[in-house]
Amino acid sequence: MKWIGGRESSNVDDRRGISGGGLAVGGGIIGVIALLLNMFLGGGGSDQPQIQLPDQSQQMTAEEKAADDERAKFVKVVLGYTEDVWGKLFSEQGKQYQQPTLVLFRGNAQSACGFASSASGPFYCPGDREVYIDLSFYEELKNLSAPGDFAMAYVIAHEVGHHIQKLLGISDKVANMRQQLSEGEYNKYSVMMELQADFLAGVWAKHAHQMINILEPGDIDEALNAANAIGDDRLQKQSQGYVVPESFTHGTSQQRAYWFKKGFDTGDMNQGDTFRDPSLQ
Ligand SMILES: [Zn+2]
């Protein structure tokens, strides 16, 4: 991805040097880690044990710190590109785009959605309209065989996709239904939300390339590969050896890649109604 020299967003709250406290609740880009965490913690709830993670910044070498700062810069530029694209697409519809804040943290941080840790993965909190990212997720993606800068750009764009859903009132609608739904039914809606966020990430990639010419050969494959790597089926198979479709909250590898690609191919927000898609009913 071409990003060096790009405009850095000013909406980044860099808390990498600040230690938070406590451990996270789930809801991020991937379902399984949060699920395992909850199991590990005995089902979550309000009485979560407080686990203090070491402040890794003390242990970083100068070289690691430089790499970390480079990644922080990359995140700021990608967030800037999401502002450019969504600002334009909203204004074309006569609306004003309200930009989200992105919190960069290391180890753990507090959000309106609970405590975040590196184990929860990147996530969007509708309560404070902020995207939370621990840069160690880069390494996590590599471990999941999804390396590359555009894999990370896709992750950021997916979280910003949740912000778009918040602005359009979609996430509130789903949240309001939650109490009337069984867990299995709610999981279905969760999958529709997540796949739509993948779709919106694809829409972003398309317009960002048209506006700013960001893509290099192989970038879209990096994003599709990442979408594949964090499908519920793949992650469940890796972590527990079998797959439980009713417990899916983010969609299969195939579905995630499909919806990102659909967003990228069409660039048309109106093509992303995952809630009415027959294959997801
Ligand atoms: Zn998501």
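Residues are numbered from 1 along each chain as its sequence is written, and side-chain values use heavy atoms, with hydrogens and water left out. Since the model is predicted, local features need pLDDT of at least 70 and side-chain atom pairs count only at pLDDT 80 or more, while totals for chains, interfaces and linings use all residues.

Two packed helices are described by the angle between their axes and the distance between the axes. Here, helix α2 (residues 62–92) and helix α6 (residues 183–212) have axes that come within 9 Å and cross at roughly 90 degrees. That makes α2 roughly perpendicular to α6. On the α2 side the contact is made by Val78, Tyr81, Thr82, Asp84, Val85, Trp86, Lys88 and Leu89, and α6 brings in Leu200, Val203, Trp204, His207, Ala208, Met211 and Ile212. Sorted by class, the contact of α2 with α6 has eleven nonpolar, two polar and two charged residues. As for terms, helices (H or I, at least four residues) and strands (E, at least two) are DSSP runs, numbered from the N terminus. Axes are lines fitted to C-alpha atoms, for helices over the stretch in contact, with angles from 0 to 180 degrees between N-to-C directions. Angles under 35 degrees count as roughly parallel, over 145 as roughly antiparallel, 65 to 115 as roughly perpendicular and the rest as oblique. Contact means heavy atoms within 4.5 Å. Ala, Val, Leu, Ile, Met, Phe, Trp, Tyr, Cys and Pro count as nonpolar, Asp, Glu, Lys and Arg as charged, and the others, Gly among them, as polar.

On to the rings: the structure holds ten aromatic pairs (Phe, Tyr and Trp rings, the last by its six-membered ring, with centres within 6.5 Å; planes under 30 degrees apart are stacked, over 60 edge-to-face, the rest tilted). One of them joins tyrosine 154 and phenylalanine 260 edge-to-face, at 5.5 Å centre to centre and 80 degrees between the planes. This pair links distant parts of the chain, with tyrosine 154 in helix α4 and phenylalanine 260 in helix α9 (residues 253–266), 106 residues apart. Tyrosine 154 counts as buried at 0% relative accessibility (buried is under 20% relative accessible area, exposed over 50%, partly exposed in between, with a 1.4 Å probe and protein chains only). Phenylalanine 260 is buried as well, at 1%. The rings of phenylalanine 199 and tryptophan 259 have centres 6.3 Å apart and planes at 75 degrees, so this pair is edge-to-face. It also bridges distant parts of the chain, from phenylalanine 199 in helix α6 to tryptophan 259 in helix α9, 60 residues apart. Phenylalanine 199 is buried at 0%, and tryptophan 259 is buried at 2%.

Ring pairs also link Trp3, Phe74 and Tyr138 into a cluster. Arginine 71 lies over the face of tyrosine 138, 4.5 Å from the ring centre (NZ of Lys or CZ of Arg within 6 Å of the ring centre and within 35 degrees of the ring normal). Arginine 178 does likewise over tyrosine 186, at 3.9 Å.

Most residues other than glycine have a negative phi. Arginine 129, though not a glycine, has a positive phi of about 55 degrees; it sits in the loop between β5 (123–125) and β6 (130–134) and is partly exposed at 33% relative accessibility. Arginine 129 is among the residues touched by histidine 163, which is found in helix α4 (residues 149–167) and is buried at 1%.

Technical notes:
Lists of a residue's contacts leave out its neighbours within four places in sequence.
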